[in-house]
Amino acid sequence: ALDADTMRDLPTWAEVVDLYGPEPRIFGLDQCKPFQQHSDLADHFVSTAGTFNSGTNLLAEYLIANCHMQDRMDKYGGFNRGVRWQVPWGKHSPPGNKQFRDLHKTTKDKDVDANNILPGV
């Protein structure tokens with residue numbers, strides 16, 4: 001539970017709506033079909049990326065708890081749900097351009113093709 005001081009510091013819903021609007025903003029829906037069609041669905045992942053303090057850890061936990069890539073699970077087994085904690089180029093790294101995303105990899109993700117990642121930001 002949050003203490004009274006923390007509760008007083010939180011913005012009201014009206015303040016949140018003033019900043020961000022009343023509904024979620026989803027950008028990139030036009031990229032879903034091209035992403036799905038560019039390679040084998042079993043090789044695809046969903047992952048998180050974003051600046052510090054933008055909710056990336058929470059988003060990662062939600063994805064891990066609630067999502068799975070069925071084609072990947074069918075090919076590699078149920079333990080491999082296709083959800084990664086971070087994008088291969090690093091969760092908090094600036095996205096740069098395509099060349100940056102293709103070449104810069106975390107140690108653990110050095111063999112992951114950045115083109116097979118659908119980042120949630």
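This is a predicted model: local features need pLDDT of at least 70, side-chain atom pairs count only at pLDDT 80 or more; totals for chains, interfaces and linings use all residues.

**Entry 1: Asp109 and Arg84**

I started with Asp109, which is buried, with a relative accessible area of 3%. The cut-off for buried is under 20%, so Asp109 clears it. What does the Asp109 side chain meet? I found a salt bridge with Arg84, at 2.2 Å from N to O. Is Arg84 buried or exposed? Arg84 is buried, at a relative accessible area of 18%. With the limit at under 20%, Arg84 therefore still counts as buried.

I then looked at what else Arg84 does. Arg84 lies over the face of Phe45, at 4.7 Å from the ring centre.

I looked up the confidence, and the mean pLDDT of the protein is 90, with 100% of its residues reaching 70 or more. Where is confidence lowest in the protein? H6 has the lowest, at a mean of 85, while H5 has the highest, at 95.

**Entry 2: the salt bridges**

How many salt bridges does a search of the whole structure find? I got five. As a reminder, side chains of opposite charge can pair when their charged atoms come close.

Next I took Lys75 and Asp43, whose side chains meet in a salt bridge at 3.7 Å, N to O. Lys75 is in helix H5 (residues 70–76) and Asp43 in the loop between helix H3 (32–37) and strand S1 (45–48), so this pair ties together parts that are 32 residues apart in sequence. I checked the accessibility of both ends. Lys75 is partly exposed, at a relative accessible area of 44%, and Asp43 is partly exposed too, at 23%.

Then came a pair within one helix. Asp102 and Lys98 meet in a salt bridge at 2.8 Å, N to O. Why about one helical turn between them? Because Asp102 and Lys98 are four residues apart in helix H6. Asp102 counts as partly exposed at 27% relative accessibility, and Lys98 as partly exposed at 43%.

I also followed shared partners. Salt bridges that share partners join Asp40, Asp43 and Lys75 into one network.

**Entry 3: more on Asp43**

I stayed with Asp43, in the loop between H3 and S1. I looked up its separation from Gly82: the two are 39 residues apart in sequence and 8.1 Å apart in space, C-alpha to C-alpha.

For contrast, I took another pair 39 residues apart along the chain, Thr56 and Pro95. Their C-alpha atoms are separated by 14 Å. Thr56 lies in helix H4, and Thr56 is buried, with a relative accessible area of 5%.

**Entry 4: aromatic pairs**

How many aromatic pairs does a search of the whole structure find? I got zero.

**Entry 5: the start of the chain**

I looked for nonpolar patches and noted one of about 300 Å², made by Leu2, Met7 and Leu10. Leu10 lies in the loop between helix H1 (4–9) and helix H2 (13–20). Leu10 is partly exposed, with a relative accessible area of 41%. Patches take residues with over 30% relative accessible area, so Leu10 qualifies on that count.

I went on to H2 itself. How many of the eight residues of H2 are buried? The number is zero, so H2 lies largely in the open. Just after H2, Gly21 takes a positive phi of about 95°.

**Entry 6: another positive phi**

Asn53 has a positive phi of about 60° although it is not a glycine. Where is Asn53 found? Asn53 is in the loop between S1 and helix H4 (56–66). Asn53 counts as exposed, at 83% relative accessibility. The cut-off for exposed is over 50%, so Asn53 passes.

Definitions and conventions
Residues are numbered from 1 along each chain as its sequence is written. Side-chain values use heavy atoms; hydrogens and water are left out. Patches are made of residues with over 30% relative accessible area and no salt bridge: like charges are joined within 9 Å, nonpolar side chains (Val, Leu, Ile, Met, Phe, Trp, Tyr) within 5 Å. Accessible areas come from the Shrake-Rupley method with a 1.4 Å probe; for residues, only the protein chains shown count as cover. A salt bridge is a side-chain nitrogen of Lys or Arg within 4 Å of a carboxyl oxygen of Asp or Glu. Helices (H or I, at least four residues) and strands (E, at least two) are DSSP runs, numbered from the N terminus. Buried means under 20% relative accessible area, exposed over 50%, partly exposed in between (1.4 Å probe, protein chains only). Rings of Phe, Tyr and Trp (its six-membered ring) pair if their centres lie within 6.5 Å; planes under 30 degrees apart count as stacked, over 60 as edge-to-face and the rest as tilted. A charge sits over a ring if NZ of Lys or CZ of Arg is within 6 Å of the ring centre and within 35 degrees of the ring normal. pLDDT is the predictor's confidence in each residue, from 0 to 100.
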